[in-house]
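Visitor: I would like to know what lies behind the labels used for this model. Please take me through them.

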Amino acid sequence: MLSTDGINLTMLSIPCVKSKLLHDDQSTKIIKKFADPDCFQKNCDAVYSNFLSRNVIVRHHYFTHYLEKYQQKYTQVLILGVGLDTKPDTLACLRDKDVYGCDLAVTDIKQIYQATGVKTKTKLVSCDLKNGMNQEFLQRLQEHGFSRDRPTLVLWEGGTFYLPKKSVLHDLKFLNQNLNLIGLLVDYMSSTVFNPPRHTKARKQLELVQQIGCPWQSFFTATEIEQFYQQLGFKEINVSEHGQIEEKVWGDVQLDYDIMYLSATFKF
Ligand SMILES: C[S@@+](CC[C@H](N)C(=O)[O-])C[C@H]1O[C@@H](n2cnc3c(N)ncnc32)[C@H](O)[C@@H]1O
(Lines give C-alpha, C1' and ligand atoms only; values in the text may rest on other atoms or scores of the structure.)
Protein backbone atom coordinates (compact mmCIF):
# COMPACT_ATOMS: atom_id res chain seq x y z
CA MET A 1 0.00 0.00 0.00
CA LEU A 2 1.15 3.56 -0.74
CA SER A 3 0.96 6.18 1.98
CA THR A 4 -0.62 9.59 1.48
CA ASP A 5 1.94 11.09 3.90
CA GLY A 6 3.64 14.02 2.23
CA ILE A 7 1.57 13.68 -0.95
CA ASN A 8 -0.32 16.73 -2.16
CA LEU A 9 -3.86 15.71 -1.20
CA THR A 10 -5.51 18.12 -3.62
CA MET A 11 -3.65 16.37 -6.45
CA LEU A 12 -4.78 12.93 -5.29
CA SER A 13 -8.40 14.00 -4.90
CA ILE A 14 -8.84 14.54 -8.65
CA PRO A 15 -8.41 10.88 -9.75
CA CYS A 16 -10.65 9.91 -6.79
CA VAL A 17 -13.49 11.95 -8.29
CA LYS A 18 -12.78 10.86 -11.87
CA SER A 19 -12.65 7.21 -10.84
CA LYS A 20 -15.98 7.39 -9.04
CA LEU A 21 -17.96 9.72 -11.27
CA LEU A 22 -16.38 9.34 -14.72
CA HIS A 23 -15.41 5.67 -14.34
CA ASP A 24 -11.98 6.69 -15.61
CA ASP A 25 -9.90 3.47 -15.54
CA GLN A 26 -6.54 5.25 -15.38
CA SER A 27 -7.70 7.24 -12.33
CA THR A 28 -8.92 4.03 -10.68
CA LYS A 29 -5.51 2.40 -11.17
CA ILE A 30 -3.72 5.48 -9.80
CA ILE A 31 -5.67 5.56 -6.51
CA LYS A 32 -5.99 1.79 -6.00
CA LYS A 33 -2.71 1.35 -4.12
CA PHE A 34 -3.41 4.12 -1.59
CA ALA A 35 -4.94 3.08 1.73
CA ASP A 36 -7.14 6.15 2.12
CA PRO A 37 -6.91 8.17 -1.13
CA ASP A 38 -10.20 10.03 -0.82
CA CYS A 39 -9.90 11.45 2.72
CA PHE A 40 -9.45 15.04 1.50
CA GLN A 41 -12.05 14.69 -1.23
CA LYS A 42 -14.66 13.51 1.30
CA ASN A 43 -13.82 16.28 3.80
CA CYS A 44 -13.96 18.88 1.07
CA ASP A 45 -17.27 17.66 -0.31
CA ALA A 46 -18.69 17.60 3.23
CA VAL A 47 -17.91 21.24 4.08
CA TYR A 48 -19.26 22.74 0.85
CA SER A 49 -22.17 20.98 -0.90
CA ASN A 50 -20.00 18.51 -2.84
CA PHE A 51 -17.96 21.38 -4.25
CA LEU A 52 -14.89 19.35 -5.11
CA SER A 53 -16.69 16.51 -6.89
CA ARG A 54 -19.08 18.78 -8.77
CA ASN A 55 -16.28 21.14 -9.74
CA VAL A 56 -13.91 18.46 -11.05
CA ILE A 57 -16.65 17.16 -13.35
CA VAL A 58 -17.64 20.66 -14.46
CA ARG A 59 -14.13 21.71 -15.38
CA HIS A 60 -13.34 18.38 -17.01
CA HIS A 61 -16.27 18.89 -19.39
CA TYR A 62 -15.49 22.54 -20.01
CA PHE A 63 -11.80 22.06 -20.83
CA THR A 64 -12.39 18.86 -22.82
CA HIS A 65 -14.85 20.76 -25.00
CA TYR A 66 -12.19 23.32 -26.00
CA LEU A 67 -9.39 20.75 -26.34
CA GLU A 68 -11.62 18.94 -28.85
CA LYS A 69 -13.05 21.99 -30.59
CA TYR A 70 -9.66 23.46 -31.54
CA GLN A 71 -7.68 20.25 -31.93
CA GLN A 72 -6.61 21.27 -35.46
CA LYS A 73 -5.07 24.50 -34.18
CA TYR A 74 -2.38 23.11 -31.83
CA THR A 75 0.22 20.34 -31.98
CA GLN A 76 1.55 20.43 -28.42
CA VAL A 77 0.01 21.06 -25.01
CA LEU A 78 1.68 22.39 -21.89
CA ILE A 79 -0.20 21.54 -18.68
CA LEU A 80 0.71 23.67 -15.67
CA GLY A 81 0.32 21.98 -12.27
CA VAL A 82 -0.44 18.74 -14.13
CA GLY A 83 -0.71 16.55 -11.03
CA LEU A 84 -2.29 13.21 -11.91
CA ASP A 85 -4.39 14.51 -14.79
CA THR A 86 -5.43 11.62 -17.03
CA LYS A 87 -6.70 13.71 -19.97
CA PRO A 88 -3.47 13.27 -22.03
CA ASP A 89 -3.89 9.49 -21.89
CA THR A 90 -7.66 9.25 -22.23
CA LEU A 91 -8.85 11.94 -24.67
CA ALA A 92 -8.89 10.95 -28.34
CA CYS A 93 -8.18 14.55 -29.37
CA LEU A 94 -4.80 14.42 -27.58
CA ARG A 95 -3.71 11.11 -29.07
CA ASP A 96 -1.54 12.71 -31.76
CA LYS A 97 -0.37 15.66 -29.61
CA ASP A 98 2.83 16.01 -27.63
CA VAL A 99 1.95 16.75 -24.02
CA TYR A 100 4.26 18.33 -21.44
CA GLY A 101 3.30 18.73 -17.80
CA CYS A 102 5.01 20.72 -15.09
CA ASP A 103 4.42 20.55 -11.37
CA LEU A 104 6.06 21.17 -8.02
CA ALA A 105 5.44 17.52 -7.13
CA VAL A 106 7.02 15.81 -10.17
CA THR A 107 9.04 13.42 -7.99
CA ASP A 108 5.87 12.20 -6.20
CA ILE A 109 3.96 12.01 -9.49
CA LYS A 110 6.65 9.85 -11.12
CA GLN A 111 6.78 7.60 -8.05
CA ILE A 112 3.00 7.14 -8.13
CA TYR A 113 3.09 6.17 -11.81
CA GLN A 114 5.94 3.78 -11.16
CA ALA A 115 4.33 2.16 -8.10
CA THR A 116 0.97 1.70 -9.81
CA GLY A 117 2.35 0.58 -13.18
CA VAL A 118 0.33 3.30 -14.91
CA LYS A 119 1.95 4.74 -18.03
CA THR A 120 1.50 8.33 -19.08
CA LYS A 121 2.41 10.04 -22.34
CA THR A 122 2.91 13.32 -20.47
CA LYS A 123 6.54 14.41 -20.33
CA LEU A 124 6.98 15.62 -16.76
CA VAL A 125 9.26 18.55 -15.97
CA SER A 126 9.49 20.06 -12.52
CA CYS A 127 8.69 23.72 -11.97
CA ASP A 128 7.70 25.89 -9.04
CA LEU A 129 5.06 28.08 -10.63
CA LYS A 130 5.44 30.58 -7.80
CA ASN A 131 8.82 31.84 -8.94
CA GLY A 132 10.25 29.31 -11.40
CA MET A 133 8.59 30.29 -14.67
CA ASN A 134 11.68 31.52 -16.47
CA GLN A 135 14.11 30.85 -19.35
CA GLU A 136 15.81 28.09 -17.38
CA PHE A 137 12.50 26.21 -17.13
CA LEU A 138 11.88 26.65 -20.87
CA GLN A 139 15.35 25.30 -21.52
CA ARG A 140 14.57 22.17 -19.47
CA LEU A 141 11.26 21.77 -21.31
CA GLN A 142 13.10 21.98 -24.64
CA GLU A 143 15.52 19.28 -23.48
CA HIS A 144 12.42 17.05 -23.20
CA GLY A 145 11.45 17.84 -26.81
CA PHE A 146 9.22 20.87 -26.31
CA SER A 147 9.31 23.46 -29.09
CA ARG A 148 8.85 27.20 -28.63
CA ASP A 149 7.75 27.51 -32.24
CA ARG A 150 5.04 24.89 -32.55
CA PRO A 151 1.44 26.04 -31.98
CA THR A 152 0.85 25.44 -28.29
CA LEU A 153 -2.17 25.29 -26.03
CA VAL A 154 -1.61 25.88 -22.31
CA LEU A 155 -3.95 24.23 -19.79
CA TRP A 156 -3.92 25.31 -16.14
CA GLU A 157 -6.72 23.46 -14.39
CA GLY A 158 -7.43 23.58 -10.66
CA GLY A 159 -4.19 25.34 -9.90
CA THR A 160 -4.08 29.15 -10.08
CA PHE A 161 -5.54 29.60 -6.59
CA TYR A 162 -2.59 27.81 -4.94
CA LEU A 163 -0.35 30.69 -6.03
CA PRO A 164 -0.17 34.42 -5.31
CA LYS A 165 -1.93 36.54 -7.94
CA LYS A 166 1.38 38.11 -8.92
CA SER A 167 2.79 34.69 -9.87
CA VAL A 168 -0.31 33.71 -11.86
CA LEU A 169 -0.14 36.90 -13.91
CA HIS A 170 3.63 36.62 -14.36
CA ASP A 171 3.50 32.97 -15.51
CA LEU A 172 0.80 33.53 -18.12
CA LYS A 173 2.45 36.71 -19.39
CA PHE A 174 5.81 34.97 -19.64
CA LEU A 175 4.38 32.04 -21.61
CA ASN A 176 2.53 34.44 -23.89
CA GLN A 177 5.79 36.26 -24.64
CA ASN A 178 7.99 33.21 -25.08
CA LEU A 179 5.89 30.54 -26.82
CA ASN A 180 3.85 30.25 -29.99
CA LEU A 181 0.73 30.31 -27.85
CA ILE A 182 -2.60 29.77 -29.61
CA GLY A 183 -4.72 29.65 -26.48
CA LEU A 184 -5.08 29.37 -22.73
CA LEU A 185 -7.50 27.19 -20.77
CA VAL A 186 -7.48 28.32 -17.13
CA ASP A 187 -9.78 28.36 -14.09
CA TYR A 188 -9.76 30.87 -11.25
CA MET A 189 -11.39 31.01 -7.82
CA SER A 190 -13.84 33.87 -7.34
CA SER A 191 -12.89 36.84 -5.19
CA THR A 192 -16.54 37.71 -4.53
CA VAL A 193 -17.15 34.30 -2.92
CA PHE A 194 -13.86 33.82 -1.06
CA ASN A 195 -12.11 37.11 -0.48
CA PRO A 196 -13.56 37.74 2.07
CA PRO A 197 -15.56 34.50 2.49
CA ARG A 198 -19.22 35.12 1.61
CA HIS A 199 -20.57 32.61 4.16
CA THR A 200 -19.60 29.86 6.61
CA LYS A 201 -19.15 27.21 3.89
CA ALA A 202 -16.67 29.40 2.04
CA ARG A 203 -14.78 30.11 5.27
CA LYS A 204 -14.65 26.39 6.13
CA GLN A 205 -13.37 25.57 2.66
CA LEU A 206 -10.51 28.06 3.10
CA GLU A 207 -9.72 26.60 6.54
CA LEU A 208 -9.63 23.08 5.13
CA VAL A 209 -7.09 23.82 2.40
CA GLN A 210 -5.03 25.80 4.92
CA GLN A 211 -5.03 22.78 7.29
CA ILE A 212 -3.63 20.42 4.65
CA GLY A 213 -0.85 22.89 3.81
CA CYS A 214 -2.25 24.07 0.47
CA PRO A 215 -3.80 27.47 1.21
CA TRP A 216 -5.67 29.29 -1.54
CA GLN A 217 -3.86 32.50 -2.34
CA SER A 218 -5.39 34.14 -5.39
CA PHE A 219 -8.93 35.13 -6.29
CA PHE A 220 -10.22 36.93 -9.38
CA THR A 221 -13.25 38.67 -10.84
CA ALA A 222 -14.48 37.98 -14.38
CA THR A 223 -13.59 41.54 -15.40
CA GLU A 224 -10.00 41.18 -14.19
CA ILE A 225 -9.57 37.98 -16.20
CA GLU A 226 -11.06 39.50 -19.36
CA GLN A 227 -8.96 42.67 -19.11
CA PHE A 228 -5.80 40.63 -18.55
CA TYR A 229 -6.46 38.52 -21.65
CA GLN A 230 -7.11 41.67 -23.70
CA GLN A 231 -3.75 43.07 -22.54
CA LEU A 232 -2.06 39.85 -23.64
CA GLY A 233 -3.54 40.26 -27.13
CA PHE A 234 -6.11 37.46 -27.12
CA LYS A 235 -9.00 37.83 -29.56
CA GLU A 236 -11.58 35.23 -28.61
CA ILE A 237 -12.19 35.50 -24.87
CA ASN A 238 -14.63 33.21 -23.06
CA VAL A 239 -15.05 33.57 -19.30
CA SER A 240 -17.89 31.48 -17.83
CA GLU A 241 -19.30 31.47 -14.34
CA HIS A 242 -19.16 28.00 -12.77
CA GLY A 243 -22.97 27.88 -12.45
CA GLN A 244 -23.47 28.18 -16.21
CA ILE A 245 -21.46 25.02 -16.82
CA GLU A 246 -22.69 23.28 -13.65
CA GLU A 247 -26.25 23.60 -14.91
CA LYS A 248 -25.33 22.13 -18.30
CA VAL A 249 -23.31 19.25 -16.85
CA TRP A 250 -25.28 18.38 -13.71
CA GLY A 251 -28.76 19.64 -14.67
CA ASP A 252 -28.95 21.96 -11.63
CA VAL A 253 -26.86 24.45 -9.67
CA GLN A 254 -26.02 23.59 -6.05
CA LEU A 255 -22.92 25.76 -5.58
CA ASP A 256 -22.65 29.54 -5.61
CA TYR A 257 -23.22 30.46 -9.25
CA ASP A 258 -20.05 32.58 -9.30
CA ILE A 259 -17.87 30.31 -7.14
CA MET A 260 -15.29 29.97 -9.89
CA TYR A 261 -14.53 31.25 -13.38
CA LEU A 262 -13.61 28.94 -16.23
CA SER A 263 -11.83 30.58 -19.11
CA ALA A 264 -10.85 29.69 -22.66
CA THR A 265 -9.09 32.33 -24.71
CA PHE A 266 -7.54 32.16 -28.17
CA LYS A 267 -5.35 34.16 -30.50
CA PHE A 268 -7.45 33.56 -33.65
C1 LIG B 1 -5.72 20.38 -7.46
S2 LIG B 1 -4.27 19.76 -8.21
C3 LIG B 1 -4.77 19.80 -9.92
C4 LIG B 1 -3.98 18.86 -10.77
C5 LIG B 1 -4.39 18.77 -12.24
N6 LIG B 1 -4.29 20.04 -12.91
C7 LIG B 1 -5.77 18.19 -12.40
O8 LIG B 1 -6.70 18.94 -12.70
O9 LIG B 1 -5.91 16.97 -12.20
C10 LIG B 1 -3.16 21.14 -8.08
C11 LIG B 1 -1.76 20.85 -8.62
O12 LIG B 1 -0.98 22.05 -8.57
C13 LIG B 1 0.33 21.71 -8.16
N14 LIG B 1 0.96 22.90 -7.56
C15 LIG B 1 0.61 23.55 -6.43
N16 LIG B 1 1.46 24.57 -6.18
C17 LIG B 1 2.37 24.55 -7.21
C18 LIG B 1 3.52 25.36 -7.52
N19 LIG B 1 3.90 26.37 -6.74
N20 LIG B 1 4.20 25.06 -8.64
C21 LIG B 1 3.83 24.02 -9.44
N22 LIG B 1 2.77 23.23 -9.18
C23 LIG B 1 2.06 23.49 -8.08
C24 LIG B 1 0.13 20.60 -7.16
O25 LIG B 1 1.31 19.85 -6.95
C26 LIG B 1 -1.01 19.81 -7.80
O27 LIG B 1 -0.53 18.80 -8.65
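Guide: Start with angles. Axes are lines fitted to C-alpha atoms, for helices over the stretch in contact, and angles run from 0 to 180 degrees between N-to-C directions. Helices (H or I, at least four residues) and strands (E, at least two) are DSSP runs, numbered from the N terminus. The model is predicted: local features need pLDDT of at least 70, side-chain atom pairs count only at pLDDT 80 or more, and totals for chains, interfaces and linings use all residues. Residues are numbered from 1 along each chain as its sequence is written.

Visitor: Why is H4 called roughly perpendicular to H12?

Guide: Helix H4 (residues 51-69) and helix H12 (residues 242-250) pack at about 90 degrees, their axes 9 Å apart. Angles under 35 degrees count as roughly parallel, over 145 as roughly antiparallel, 65 to 115 as roughly perpendicular and the rest as oblique. Therefore H4 is roughly perpendicular to H12.

Visitor: Which residues make that contact?

Guide: Two residues are in contact if their C-beta atoms, placed from the backbone, lie within 7 Å. H4 supplies Arg54, Ile57, Val58, His61 and Tyr62. H12 supplies His242, Ile245, Glu246, Val249 and Trp250. By class, the contact has 6 nonpolar, 2 polar and 2 charged residues. Ala, Val, Leu, Ile, Met, Phe, Trp, Tyr, Cys and Pro count as nonpolar, Asp, Glu, Lys and Arg as charged, and the others, Gly among them, as polar.

Visitor: What makes phenylalanine 228 partly exposed?

Guide: A residue is buried if 20 or more other C-beta atoms lie within 10 Å of its own, exposed if 12 or fewer, and partly exposed in between; C-beta atoms are placed from the backbone. Phenylalanine 228 has 18 such neighbours, so it counts as partly exposed. It sits in helix H11 (residues 222-231). H11 lies across strand E5 (181-189), E6 and strand E7 (260-266), at about 165 degrees to E6.

Visitor: What makes E3 and E6 edge strands?

Guide: Two strands pair if DSSP finds at least two bridges between them. The open, mixed sheet has 7 strands in the order E3-E2-E1-E4-E5-E7-E6. Strand E3 (123-126) and strand E6 (236-241) each have a single partner, so one side of each lacks a neighbour in the sheet.

Visitor: How do you know that E1 pairs with E2?

Guide: Strand E1 (residues 76-80) and strand E2 (residues 98-103) run parallel and are joined by 5 bridges. Isoleucine 79 stands opposite glycine 101 in E2.

Visitor: What surrounds the ligand?

Guide: A residue is near a molecule if its C-beta atom, placed from the backbone, lies within 6 Å of it. The shell holds 21 residues; the closest are Met11, Gly81, Gly83, Leu104 and Leu129.
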